[in-house]
Amino acid sequence: MSTPQQKNEVRDQWLDKTLRPSEWEEYIGQEGIKTNLHVLLSAARARGHAPEHVLLYGPPGLGKTTLAHLIASDLGVAMKITSGPAIERVGDLAAILTNLGTNDILFIDEIHRLNRSVEEVLYPALEAGVLDIIIGKGPSARTIQLELPSFTLVAATTRIALLSAPLRSRFSGGVFRLEFYTNEEIERIIERSATILGVPLTPGASRAIAQRSRFTPRTANYLLKRCRDYAQVHNRPLDTKLVEETLALLGYDAVGLQETDRNLLRIVIEKFGGGPVGLSTLAAATAEEEATIEDVYEPYLIRSGLIERTPRGRVVTALGYEHLGALPEEPHQQRMGI
Ligand code: ADE
């Protein structure tokens with residue numbers, strides 16, 4: 001038996017799939033990446049080969065998985081989806097690779113979490129299309145080499161810096177960084193999603209959702225769905241006022257910060273005089289993982305100009321202070337009369 005919350009999650013996941021663009025023409029934004037992929041895919045298709053391997057990186061929710069789906073459907077091939085942490089052993093990778101069809105796409109999400117022994121076996125698979133497997137142990141151990149079907153690896157990561165240089169260099173088809181969307185692109189995504197969901201919304205409403213969507217389509221679609229629920233429950237039109245009420249209820253402020261984001265800003269201000277503060281100190285003070293701060297909170301706070309990353313650590317900007325209604329401390333030199 002599933003709980004109402006589980007039912008909601010299943011429904012949300014189903015809706016997310018419905019909202020995912022299935023054609024290039026429907027995919028809004030990331031124009032540079034789309035153009036580059038178009039050249040890569042067209043050339044490979046004309047030669048009758050699988051395209052070279054591609055790495056997509058950038059903050060969560062910007063559409064890396066969607067791009068991988070579009071690549072597979074553009075080529076008319078199947079896509080096997082897995083993730084770095086799911087491939088625990090060399091044998092897991094061997095099973096995946098030997099089950100691929102010719103020219104299929106292998107999508108590995110969170111590739112930075114692949115363990116080293118699996119990574120080493122992946123290199124010859126990517127470069128020479130072979131799998132070197134060691135059978136047995138000790139003096140009687142021997143290596144056998146399996147030929148693999150040709151395939152394209154599309155990998156995604158939020159942490160490019162954690163990828164080893166040898167792994168990074170294997171993505172000869174291109175390494176593409178997804179950028180945050182503009183508010184205008186997010187508005188178009190919201191309007192497209194609203195049309196698919198069959199919910200009429202006013203232009204003011206899509207603007208109000210966009211402003212709180214952290215320049216991220218996944219957040220935009222999530223907020224749209226929550227507004228739709230609220231409108232349905234209260235039998236009201238989806239207008240600006242309803243958006244403001246729904247999102248306040250969910251704890252989103254006027255620029256899309258949640259309590260955890262505001263707390264992070266507040267801690268830098270109150271405990272560290274506005275910074276600079278190092279990542280590990282900040283992680284300890286906020287009781288958050290360093291990776292969560294770097295991947296989830298920081299990119300948006302930096303992009304919206306609320307914090308800055310300096311060589312000595314994170315610093316809250318004047319805008320960050322203003323947003324919390326706090327006053328910046330006087331610079332150290334002024335306080336000391338220097
Ligand atoms: N839904 C999620 N991401 C999208 C995008 N980039 N374009 C259109 N719809 C989307």
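**Notebook: salt bridges in the predicted model**

I began with arginine 116, which counts as exposed at 51% relative accessibility (exposed is over 50% relative accessible area, buried under 20%, and partly exposed in between, with a 1.4 Å probe and protein chains only). The model is predicted, so I note that local features need pLDDT of at least 70, side-chain atom pairs count only at pLDDT 80 or more, and totals for chains, interfaces and linings use all residues. Residues are numbered from 1 along each chain as its sequence is written, and side-chain values use heavy atoms, with hydrogens and water left out.

**Entry 1.** I looked up the partner of arginine 116 and found a salt bridge to glutamate 119 at 3.4 Å, N to O (a side-chain nitrogen of Lys or Arg within 4 Å of a carboxyl oxygen of Asp or Glu). The two residues are three apart in helix α5 (residues 116-128), and therefore about one helical turn separates them; helices are DSSP runs of H or I with at least four residues, strands are runs of E with at least two, and both are numbered from the N terminus. Glutamate 119 is buried, at 4% relative accessible area.

**Entry 2.** I then examined arginine 159, whose salt bridge with aspartate 295 has its closest N and O atoms 3.0 Å apart. Arginine 159 sits in the loop between β6 (151-157) and α6 (165-169), and aspartate 295 in helix α13 (residues 290-303), so the pair ties together parts 136 residues apart in sequence. I recorded both residues as buried.

**Entry 3.** I traced a network of salt bridges that links Arg159, Glu294, Asp295, Glu298, Arg309 and Arg314. My search of the whole structure gave 21 salt bridges.
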